[in-house]
Amino acid sequence: MAKVLISDALSEAAVQIFRDNGVEVDFQPKLGKDPAKLAEIIGDYDGLAIRSATKATADLIAKATNLKAIGRAGIGVDNVDIAAASAKGIVVMNTPFGNSITTAEHAIAMMFAVARQIPEADASTRAGKWEKSRFMGTEITRKTLGLIGCGNIGSIVADRALGLRMKVVAFDPFLSTTRAEKLGVTKVETIEELLPLADFVTLHLPKTEKTAGLLNEDRIRLMKKGAYLINCARGGLVDEAAVAQALHDGHLAGAAFDVFAEEPATDNPLFTAPNVVCTPHLGAATSEAQENVALQVAEQMSDYLMKGAISNAINAPSVTAEEAPILKPWIDLAEILGGFAGQVTESPIKEIEIEFVGKVGELNLKPLTSALTAALMKPLVGEGGVNMVSAPIVARERGVKIAETRKDEQGAYGSYMRLIVTTEKQTRSVAGTVFSDGKPRFIQIKGIGLEAEPLDFMLYTTNADTPGYIGALGTKLGDLGVNIATFALGRSVKDGEAIALVGVDQELSEATLTEIRALPQVKQAKALKF
Ligand SMILES: NC(=O)C1=CN([C@@H]2O[C@H](COP(=O)(O)OP(=O)(O)OC[C@H]3O[C@@H](n4cnc5c(N)ncnc54)[C@H](O)[C@@H]3O)[C@@H](O)[C@H]2O)C=CC1
Ligand SMILES: O=C(O)C(=O)COP(=O)(O)O
């Protein structure tokens with residue numbers, strides 16, 4: 001039974017969803033704050049469900065010997081070491097929309113709070129001061145809001161701001177002109193262009209290696225004098241000390257921060273700067289949003305652990321629950337074809353092409369390509385070094401080009417997959433199909449037709465097409481105490497070359513291979529494992 005650990009304060013609604021889906025679940029919402037204890041027990045779990053308190057570091061992932069999925073009940077995954085998770089084949093999924101309205105509302109609330117100094121005015125009023133003239137605010141209507149990042153949350157903020165009669169300007173390298181027009185925002189091409197235009201600047205972009213420190217001191221100084229800065233995206237996007245300085249010297253009129261470079265934030269330069277509103281990472285903290293993200297992450301993780309369906313994964317292609325069982329036998333075949341090519345290929349691979357012929361071409365090809373690439377790279381990279389999640393990255397790092405082509409149904413098998421591998425020395429191909437029993441079969445190697453069911457241990461030979469070979473090979477294997485399970489042959493009349501794919505009951509030793517290679521007909525012999 002799959003077992004999931006919830007190590008952050010997710011809505012308890014998630015617990016019931018896991019149980020309803022047949023997943024065992026441990027609800028330990030404070031564990032994320034105790035990394036040592038988490039590391040001690042993580043090895044027991046197939047899934048880890050988190051918010052932002054748990055840090056899924058490379059160290060934790062190294063100890064997560066059974067982990068298959070990390071589910072982030074929320075959006076930002078900067079607390080997960082994606083590279084380490086991918087290298088271990090752990091699918092990392094988030095819930096990209098569940099808390100976006102709530103977070104956008106928080107940004108708007110923060111804008112009002114800082115424009116009218118509401119928290120300070122509240123404290124002063126409660127202290128019995130009635131400082132009516134101290135709290136002179138700024139009207140929002142007709143002011144310019146500058147959005148840095150105009151994805152899901154930024155777009156909602158834009159919509160609400162337009163409703164408040166603000167003018168909205170956005171900088172987002174991936175915002176198309178059509179989308180900007182549809183949203184009613186003015187798109188600018190650089191952050192430097194945006195900053196001097198805006199009365200309020202608000203951030204809605206992820207923290208990545210590229211965006212960390214984006215709003216540095218120079219850029220803060222490019223903001224309009226008297227402008228306000230709102231950060232409900234991520235700490236670390238902004239130089240907090242430089243913002244504090246700009247507030248102290250009056251360059252900025254106010255700042256509202258929900259997120260901090262170091263969290264929990266207990267000591268921060270912004271805390272002592274004038275007109276600052278701070279909240280403790282509350283962007284997603286409404287009952288509606290928490291219910292949404294908890295239910296969604298529990299459904300997604302259960303679907304993956306129980307049915308192999310993948311949705312909203314950061315590091316793997318999507319597979320729906322309906323697709324998963326249909327894809328399964330073709331994924332098995334992809335692994336066989338990739339595994340075969342990986343074991344027989346000796347020189348560095350330059351390119352692979354995968355032909356999807358007939359009906360298989362109508363399936364979701366990404367998982368098939370990933371499974372095939374992983375199996376192909378495995379013998380070359382070493383055990384445990386590559387998997388379906390990391391395969392596309394490993395291939396890219398090694399300069400292996402991957403091409404997919406779809407072809408109409410053809411030949412006796414109708415629908416099949418063919419892998420063509422181009423190395424520095426040669427081009428070779430292997431093809432296979434799935435029979436009606438749901439099992440994979442080899443149907444062609446190097447363009448030579450043959451039909452063979454893949455078995456755990458196999459012998460593959462290329463040999464001269466001369467009489468007596470089957471007998472000689474059979475006798476030799478018998479003499480060496482190797483039992484033959486299946487025997488498939490094929491030949492190219494044109495080239496006089498023949499191949500044999502022999503299923504055997506045991507792993508073939510190097511000594512056995514040496515004897516087989518000594519047979520006069522044998523040109524090459526390889527032991528294969530599937
Ligand atoms: N305070 C909180 O509790 C919450 C914070 N967040 C944060 O908000 C961020 C944004 O969330 P979504 O809008 O849902 O993400 P999203 O992925 O829909 O949008 C992010 C946008 O940022 C843009 N972007 C990337 N690099 C950029 C750059 N250098 N300059 C400008 N734009 C850039 C992307 O093109 C994308 O359109 C999340 O990554 C998360 O860190 C999300 C939810 C709650
Ligand atoms: O969804 C996000 O990216 C958030 O930042 C929300 O964080 P939280 O789940 O409230 O710790």
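Figure 1. UniProt, in an unreviewed entry, lists residues 458-530 for "domain: ACT"; UniProt positions follow the numbering used here, feature names are shortened, and annotations may be inferred rather than shown by experiment. In this predicted model, local features need pLDDT of at least 70 and side-chain atom pairs count only at pLDDT 80 or more, while totals for chains, interfaces and linings use all residues. Residues are numbered from 1 along each chain as its sequence is written, and chains are lettered from A and ligands numbered from 1 in the order in which they are written. The end C-alpha atoms of residues 458-530 lie 8 Å apart, and the span is 26% helix and 44% strand (helices are DSSP runs of H or I with at least four residues, strands are runs of E with at least two, and both are numbered from the N terminus).

**Figure 2. Domains of the chain.** The assignment gives domain 1 (3-97 + 288-307), domain 2 (100-278), domain 3 (317-454) and domain 4 (455-530), with bounds from an automatic or database domain assignment. Between the C-alpha centres of domain 2 and domain 3 there are 49 Å.

**Figure 3. Surroundings of ligand 1.** Ligand 1 has 31 residues around it, and the closest are Gly76, Gly151, Ile153, Pro206 and Gly283 (a residue is near a molecule if its C-beta atom, placed from the backbone, lies within 6 Å of it). Two or more residues of this shell come from each of α5 (100-115) and α7 (152-163); α7 gives the largest share, three residues. Because domain 1 and domain 2 both contribute to the shell, ligand 1 lies between them.

**Figure 4. Surroundings of ligand 2.** The shell around ligand 2 includes Arg51, Ser52, Asn99 and His281. By class, the shell has three nonpolar, six polar and one charged residues (Ala, Val, Leu, Ile, Met, Phe, Trp, Tyr, Cys and Pro count as nonpolar, Asp, Glu, Lys and Arg as charged, and the others, Gly among them, as polar).

Figure 5. Seven strands with parallel pairing form an open sheet in the order β8-β7-β6-β9-β10-β11-β12 (two strands pair if DSSP finds at least two bridges between them). β8 (186-187) and β12 (276-278) are the edges, each with a single partner strand, so one side of each has no neighbour in the sheet. Two bridges join β7 to β8, and alanine 170 has lysine 187 in β8 as its bridge partner. Proline 173 lies in the loop between β7 (167-171) and α8 (177-183). Proline 173 is exposed because it has 9 C-beta neighbours inside 10 Å (exposed means 12 or fewer other C-beta atoms within 10 Å of its own, buried 20 or more, partly exposed in between, with C-beta atoms placed from the backbone).
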